[in-house]
Amino acid sequence: MAATKALLMLENFIDGKFLPCSSYIDSYDPSTGEVYCRVPNSGKDEIEAAVKAAREAFPGWSSRSPQERSRVLNQVADLLEQSLEEFAQAESKDQGKTLALARTMDIPRSVQNFRFFASSILHHISECTQMDHLGCMHYTVRTPVGVAGLISPWNLPLYLLTWKIAPAMAAGNTVIAKPSELTSVTAWMLCRLLDEAGVPPGVVNIVFGTGPRVGEALVSHPEVPLISFTGSQPTAERITQLSAPHCKKLSLELGGKNPAIIFEDANLDECVPATVRSSFANQVRSYVKKALAEGAQIQCGEGVDKLSLPARNQAGYFMLPTVITDIRDESCCMTEEIFGPVTCVVPFDSEEEVIERANSLKYGLAAVVWSSNVGRVHRVAKKLQSGLVWTNCWLIRELNLPFGGMKSSGIGREGAKDSYDFFTEIKTITIKH
């Protein structure tokens, strides 16, 4: 009889301790389709314990100076960087992205998130005005909100989880985080570094499980005044409903259907490689079938070319990069976010036409414009209804500046000042002298 492989068993991290759960859910290795990990199927009890720990830790953590909190965040960054290869291997296996991408983007960016907010927290200023004729001075202060509920998605597991944890901690909040139950391993690994980095028990609590069980318990808890969520629009609608009775602060970074607009004068030597990377970076067959049924043409990939895989990967979640043409703007492939290596290529005749078609989407997260005409680049970027527009490049981020979407792509922005504003409450103080 063949030996059974031992499964990786994750545990919740609450009040500085790893705690088992009464039930678990399976997590699959996307390269083989086999169960390789078991994730806690947490619920209300685990959230109650995490809220208690976070509330008890809040007075001590929030009273620390920005310099003290900065030192702790930098220590987390140092430890994470020292374990970069271990985390990259785990992220690749758990999420399915290439090892090269995990090594060069996901884990380095996670390190940078801690370093960036460790620095930015030291450079915020407050406002002050005087009313001499009334003998008054007014100034503002910002204070941490309290317990921050953070929910991150499966596509960039550690990258986006740390993008939320780091600014929340830096501002003096305590945290309850729920990673995606599909990609929980690197969040669990991060917990092992927190004590070594000097993070006090209860400051960061990570509770694993599904949205309907642990997510809803977190979002609806009356003692969690703030929710930061990255994920789908339907889930965001549910979060809004559950949060409304408590008037919670919400930051919702949702889906996108990001147009890449390539004009006739674009530098194709730069444009084509960047567009290929942006189109095929994530690893969806039903969409391709729908496109065919609607009369579209498949130029390469799914249903056209043969995918050859080693025997052990035959049941894995692999798909050939697929290019679709002759497709209508109303097609689901043109209007819905596809987390797979599928791109649609459609022609346009004029600047005005392509702007109108791009803006007809319900989403407005990001867009890309390729042109050597500087005037055109500025005109088109200004008119596109997107929170972020890259021109003649892709995925270059300045973390000081806002990131977030328009329309159905979300509410709020993230970045140095925007994250600080979100994770704090502002107060105006008037002194009469």
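Visitor: How are α3 and α6 oriented to each other, roughly parallel or roughly antiparallel?

Guide: Please keep in mind throughout that this is a predicted model. Helix α3, which covers residues 84–95, packs with α6 at an angle of about 155°, and their axes are 9 Å apart. Angles over 145 degrees count as roughly antiparallel, and therefore α3 and α6 are described as roughly antiparallel to each other.

Visitor: Which residues make that contact?

Guide: On the α3 side they are E86, F87, A90, E91 and D94, and on the α6 side they are V185, T186, M189, L190, R192 and L193. Sorted by class, the contact of α3 with α6 has six nonpolar, one polar and four charged residues.

Visitor: And α2, at what angle does it pack with α6?

Guide: Helix α2, made of residues 66–82, meets α6 at an angle of about 130°, with the two axes 9 Å apart. That angle makes α2 oblique to α6, and the crossing of the two helices is right-handed. From α2 the contact takes in V72, Q75, V76, L79 and L80, while α6 brings L190, L193, L194, E196 and A197. By class, the contact of α2 with α6 has eight nonpolar, one polar and one charged residues.

Visitor: What about α5 and α6, where do their axes stand?

Guide: The axis of helix α5 (residues 157–170) and the axis of helix α6 (residues 185–197) come within 8 Å, and they cross at roughly 50°. The two helices are therefore oblique to each other, and their crossing is right-handed.

Visitor: Which residues meet there?

Guide: P157, L158, L161, T162 and I165 of α5 meet T186, A187 and L190 of α6. The residues of this contact of α5 with α6 divide into six nonpolar, two polar and no charged.

Visitor: Switching to strands, in what order do β14, β15 and β16 come in their sheet?

Guide: They form an open sheet of three strands in the order β14-β15-β16, and the pairing is mixed. Strands β14 (297–300) and β16 (342–344) are the edge strands, each pairing on one side only. Neighbouring strands of this sheet are turned by 30° against each other on average, with direction ignored.

Visitor: How many bridges join β15 to β16?

Guide: Strand β15, residues 322–325, is joined to β16 by three bridges, and the two strands run parallel. For a place to look, the bridge partner of T322 in β16 is V342.

Visitor: Which helix lies across β15 and β16?

Guide: That is helix α9, residues 268–280, which lies across both strands and runs at about 125° to β16.

Visitor: What is the strand order in the sheet with β1?

Guide: That open sheet has three strands in the order β1-β5-β4, with mixed pairing. Its edge strands are β1 (8–9) and β4 (24–29), and each of these pairs on one side only. Between β1 and strand β5 (residues 34–40) the pairing is in the parallel sense over two bridges, and the bridge partner of M9 in β5 is R38.

Visitor: Stepping back, what domains is the protein divided into?

Guide: Domain 1 is made up of 8–254 + 409–432, and domain 2 covers 260–391.

Visitor: How many residues are in contact between domain 1 and domain 2?

Guide: 14 residues of domain 1 are in contact with 14 residues of domain 2, and the centres of the two domains, taken over C-alpha atoms, are separated by 31 Å.

Terms used. Residues numbered from 1 in each chain as written. Predicted model: local features only at pLDDT ≥ 70, side-chain atom pairs only at ≥ 80, totals over all residues. Heavy atoms only, no water. Axes fitted to C-alpha atoms, helices over the stretch in contact; angles between N-to-C directions. Helix = DSSP H or I, 4+ residues; strand = E, 2+ residues; numbered from the N terminus. Parallel < 35°, antiparallel > 145°, perpendicular 65-115°, else oblique. Left-handed = near helix turned anticlockwise from the far one by under 90°. Contact = heavy atoms within 4.5 Å. Nonpolar A, V, L, I, M, F, W, Y, C, P; charged D, E, K, R; others polar. Pairing = 2+ DSSP bridges. Domains from an automatic or database assignment.
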